[in-house]
Amino acid sequence: MDLKSLKINRKRLQESLDEMAKIGATPGGGVQRLTLSDEDKQARDLFVKWLKELGCEVTIDEMGNIFGKRAGRNNDLPPVLSGSHIDSQPKGGRFDGILGVMGPLEVLRTLHENNVETERPITIVDWTNEEGSRFAPAMVSSGVWAGVLDRDWAYSRTDINGKRFGDELERIGYKGKIPAKKRPLHCYYEYHIEQGPILEKEGITIGAPKGILCLHWYDVYLEGEANQVGPTPMEGRHDALCAAAEMILKVNQLPDRMGGNMVATVGEIQNYPNSRNIIPDKVHFTVDIRSWDDDLALKAWELLRKDFEEIASGRGCPIKIEETWRVEHSPFDKTLVQRILDTSSQLGYSSLRMVSGAGHDASYMNQITPTAMIFIPSIGGRSHVEVENSTWADCEAGANVLLHCILKSANEI
Ligand code: GLV
Ligand code: MN
Ligand code: MN
């Protein structure tokens, strides 16, 4: 058959995404499929079933990463890898991650029903805990697989209820025996929604990020002195939440202070004992700093750290800071990025070179193999929220670009 005219099946892709969106569906139209939860397990089981129905060889490694391999003509050649993640944010959207797992699945289904063979094997992957919302950090299992993060450190991470990653992985039955260790790859493609406003604003169908911003995560712990709010005078208080409030505003002001080209966010906070009539004596909050310029992000952090220490001592609230996670900015493989742009235009889709502000497993894959990503527009630029949405036409377009990029790479010898 003429491979150039091969197209994925939009209806089937939509049905798979709809089926997945039922698992952990939230009243507001999103999904809550936190990593290593029962919902994550249910969605993994369905994914494994679909892989097996296609005749893929399924393996699960000790981080719970699921690989589905479709044989090529020459299975000694390293495979083309494509995937993303099944887990979601709390009250997250129905496209983030799962599109990049169902997309390559649809590609394999299309190849299968058309009896298309490729030189190299093609492997789909679901990376465990991409989101980093239940267990920090994010992208942890691709990080372990790439040899950058330590497996036992990842196992020891705890969620807000004190549950360990390793125990939860075992509980849902996805602690595999195969070492989570990199193997030779030909290249890696990750298909994803943009999660920002640019493609929609520009009226463009396909985004080809030139790379991903650096990501720096910190955890800040403050101590104060608890007391009855009524009788305790305002002077002399050690209010941990007030110290945190001042610090949070410093985080928000940081990008402006550094002259732009970065974003900085506090997204999570725990306040103890969290009672309206007790002065807070314990606060934990997170800091997320991202930039294309790693040095700028580090300089910004040094300034912020000084501010934090001053605020903490001014309020008499001891501070402890954990530098939880750093990933350098990831400039993708130029040839693959160009291939995505060229393939888009061959298929009649408009395309744009851009940058990814969101983190992806592609960051770690980029450290070990040529890597690139395919983006489609996010309606209203909204993501990590229940209203996250993309059109089915765009989902189809991105999957067609993925199909033809994978075909080109899988037939390279
Ligand atoms: C991952 O979803 C991130 O960008 O934080
Ligand atoms: Mn994602
Ligand atoms: Mn996400």
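Student: Is His-384 buried, partly exposed or exposed?

Tutor: In this predicted model, His-384 is partly exposed, at a relative accessible area of 37%.

Student: And Glu-131, buried or exposed?

Tutor: Glu-131 counts as buried because its relative accessible area is 7%, and the cut-off for buried is under 20%.

Student: Which protein atoms are donors to the manganese ion (ligand 3)?

Tutor: The donors are Asp-96 (OD), Glu-131 (OE), Glu-131 (OE) again, and His-384 (NE2). They lie 2.1 to 2.4 Å from the ion.

Student: What does Asp-96 bridge?

Tutor: Asp-96 bridges the manganese ion (ligand 3) and the manganese ion (ligand 2). Those two ions lie 3.5 Å apart.

Student: Where is Asp-96 placed, and is it buried or exposed?

Tutor: Asp-96 is in the loop between strand 3 (80-84) and helix 3 (99-113). It counts as buried because its relative accessibility is 5%.

Student: What does Asp-96 touch, leaving out residues up to four places away in sequence?

Tutor: Its contacts include His-85, Asp-87, Ile-193, Gln-195, Ser-383 and Glu-388. Glu-131 and His-384 are also among them, and both are donors of the manganese ion (ligand 3) as well. His-192 is another contact, and its side chain joins that of Asp-96 in a polar contact of 2.9 Å.

Student: How far is Asp-96 from Ser-378?

Tutor: Their C-alpha atoms are separated by 9.9 Å, with the residues 282 apart along the chain.

Student: Switching to ligand 1. Which residues surround it?

Tutor: Glu-130, Glu-131, Arg-290, Ala-358, Gly-359 and His-384. By class, that shell has one nonpolar, two polar and three charged residues.

Student: Which polar atoms lie by the oxygen atoms of ligand 1?

Tutor: A polar backbone atom of Gly-359 is 2.7 Å from an oxygen atom of ligand 1. For the side chain of Glu-131, an N or O atom is 3.1 Å from a ligand oxygen. For the side chain of His-384, the corresponding distance is 3.2 Å.

Student: How much of ligand 1 does the protein bury?

Tutor: Taken alone, ligand 1 exposes 200 Å², and the protein buries 93% of that.

Conventions: Residues are numbered from 1 along each chain as its sequence is written. Chains are lettered from A and ligands numbered from 1 in the order in which they are written. This is a predicted model: local features need pLDDT of at least 70, side-chain atom pairs count only at pLDDT 80 or more; totals for chains, interfaces and linings use all residues. Side-chain values use heavy atoms; hydrogens and water are left out. A residue is near a molecule or strand if one of its heavy atoms lies within 4 Å of it. A polar contact is a pair of N or O atoms within 3.5 Å; within protein, one must be able to donate a hydrogen and the other to accept it, and residues adjacent in sequence count only if both atoms are side-chain atoms. Accessible areas come from the Shrake-Rupley method with a 1.4 Å probe; for residues, only the protein chains shown count as cover. Ala, Val, Leu, Ile, Met, Phe, Trp, Tyr, Cys and Pro count as nonpolar, Asp, Glu, Lys and Arg as charged, and the others, Gly among them, as polar. Helices (H or I, at least four residues) and strands (E, at least two) are DSSP runs, numbered from the N terminus. Buried means under 20% relative accessible area, exposed over 50%, partly exposed in between (1.4 Å probe, protein chains only). Contact means heavy atoms within 4.5 Å. Donors are N, O and S atoms within 2.8 Å of the metal (3.2 Å for Na, K and Ca); water is not among the atoms, so sites may look incomplete.
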